[in-house]
Amino acid sequence: MSELLDLATRIAERASKDEDVEAFLTHERNFEVKVFEGEVDALSSAEPRGAGVRVFADGKVGFAYTTDLSDAGLEQVLDRARANCRHSTSEEANGIAQPADIRNESIDGLVDPAFASLGADAKVRFALELESATRSLDARVRTVEEAAYADSQTEVALATSAGTSGSYERSDAWCYVMAIAEEGDDTEIGFDFDLARSGTGLDLQAVARSAVDRAVGVLGAGKIPSAQMPVVFDPYTAARFLGVLATALTAEAVQKGRSLFADRIGEAVAASGISLIDDGRVEGGPRAAPWDAEGVPTRRTELISGGVLASFLYDTKTARREGKTSTGNAARAGFKSPPGVSPTNLALEPTGATREDVLRSAGKAFLVLDLHGVHSGANPVSGDFSVGATGMLLENGASTRPVKEVTIAAPMLEILRSIRSVADDRRWIPFGGGYGGATTLIGEMTVAGT
């Protein structure tokens, strides 16, 4: 038994006969370095470690957390959670997750053995080389606004008085760079990233090349005449669209009347060949884990199957409200927060096309490389989607001119129902959650320009 799991078990064993106790502990080793103009601009190294405790009694729940893992600290955090429980509001759905045997639950590849081989100096050199490579690839790159390397090694342990106990480890590394290209009076920004289980798996040169191509590729961009036309999301923008959609696919959003998918189970909400999957165990997924933040084993959940809305995402509380079982989608920001329902790794299933196939089949279309104003222009309750976009005008798969300062718009359900194909070039984005985007062709949207 790991030290962390031993501590979690000791907390859970202190439950009295009229209550249930859940202990969630994490120990992280985090590193991040940002560079600017050949110098380290910021560097941080931290090792947060702590426990989040929930107490359930009489339909009530109380939460407290601590970084003091001494015997006295564990007793104090349990007392605070009990006090908070006594003063909370009772709800029948409150309750500890059903006991699960998670001790031997595991996922291959969550930890890269090479993670520890990269020391702090090597990580700094990586960021400096990323910036240097980005600068050197094109004379039009005036500066690199930011280049960064970051990684994290995390151990998670959970134990409950109901009998669930287990722990797992995961390693993560990511990098990103933002290039600024200039030509005449025009200045454009290009951004790209990579993620892996360790720094040795990151492709520095590919990230630099892509960021530069994105910056210089839209130099001279301008508006195009307004039209109804096919729109292609590249993997990054497709993932950002899924990030908006995801908030409407949780049971909590539906139960609170904050979802465009409410009362649509069994209804065709997307094109007939389209499936949307949340998979907490998918290889390489940034949120992959053997079990969720309540100790429920993760799984593959078909939210949309063949175009038909099949399910929502549930944690224990939202599932009990409907007499269902959790889909293993309880998530936490860390030991300092109680769990809430959230996607794990959400992505559209490929339809059997390559990126080149998708671009060729689009005809005259708008390829979207970046979205602007997503938080204000996309509404997962009403389904409205009207956001700014930058990209390329396509003709039979080839780029003909760069485009910016246009707006793309269509109701989200119309976008889903208009999807013609999803390529096999899925990329997971490391920002804002586990969303996998692929080159995706939308049959028609409004592109508002001049």
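Student: In the hairpin of strand 3 and strand 4, which residue takes a positive phi?

Tutor: In this predicted model, the hairpin has 2 residues between its strands. Most residues other than glycine have a negative phi. The exception here lies in the loop between strand 3 (49–57) and strand 4 (60–66), and its phi is about 55° although it is not a glycine. The residue is D58.

Student: Is D58 buried or exposed?

Tutor: The cut-off for exposed is over 50% relative accessible area. D58 has a relative accessibility of 70%, so it counts as exposed.

Student: How many residues of strand 3 are buried?

Tutor: Strand 3 is joined to strand 1 (residues 20–36) and also to strand 4. The rest of the structure largely encloses strand 3, because the buried residues number 8 of the 9.

Student: In what sense do strand 1 and strand 3 run, and which residue stands opposite R49?

Tutor: The two strands are joined by 8 bridges and run antiparallel. Opposite R49 in strand 3 stands H27.

Student: How many bridges join strand 3 to strand 4, and what is the bridge partner of V55?

Tutor: Strand 3 and strand 4 run antiparallel, with 7 bridges between them. The partner of V55 lies in strand 4 and is G62.

Student: At what angle do the axes of helix 1 and helix 2 cross, and what is the handedness of the crossing?

Tutor: The axes of helix 1 (residues 3–12) and helix 2 (residues 71–86) come within 10 Å and cross at roughly 50°. That angle makes helix 1 oblique to helix 2. The contact is between L7, R10 and I11 of helix 1 and D71, L74 and L78 of helix 2. Helix 1 passes helix 2 in a crossing that is right-handed.

Student: What span should helix 4 have, and how far apart are its end C-alpha atoms?

Tutor: Helix 4 (residues 204–217) has 14 residues, and at 1.5 Å a residue it should span 20 Å. The distance between its end C-alpha atoms agrees with this, at 20 Å.

Student: Which residues of helix 4 are buried, and what covers them?

Tutor: The buried residues are L204, V207, A208, A211, V212, R214, A215 and V216. An α-helix has 3.6 residues a turn, so residues three or four places apart point the same way. The cover of the buried residues includes helix 3 (120–136), strand 5 (141–160), strand 6 (165–183), strand 7 (186–196), helix 5 (235–246) and strand 15 (364–372).

Student: Which are the edge strands of the open sheet of 6 strands?

Tutor: The order is 11-10-9-14-20-19, with mixed pairing. An edge strand here pairs on one side only, and the two that do so are strand 11 (308–309) and strand 19 (427–429).

Student: Which helix packs on this sheet, and what angle does its direction make with that of strand 20?

Tutor: Helix 5 packs on the sheet and touches strand 9 (276–279), strand 14, strand 19 and strand 20. The angle between its direction and that of strand 20 is about 135°.

Student: In what sense do strand 14 and strand 20 pair, and what is the bridge partner of N345?

Tutor: Strand 14 (residues 345–348) and strand 20 (residues 434–437) share 3 bridges in the parallel sense. The partner of N345 is in strand 20 and is G434.

Technical notes. Residues numbered from 1 in each chain as written. Predicted model: local features only at pLDDT ≥ 70, side-chain atom pairs only at ≥ 80, totals over all residues. Heavy atoms only, no water. Helix = DSSP H or I, 4+ residues; strand = E, 2+ residues; numbered from the N terminus. Buried < 20%, exposed > 50% of the residue type's maximum accessible area, 1.4 Å probe, protein only. Expected span 1.5 Å × (residues − 1). Contact = heavy atoms within 4.5 Å. Pairing = 2+ DSSP bridges. Axes fitted to C-alpha atoms, helices over the stretch in contact; angles between N-to-C directions. Parallel < 35°, antiparallel > 145°, perpendicular 65-115°, else oblique. Left-handed = near helix turned anticlockwise from the far one by under 90°.
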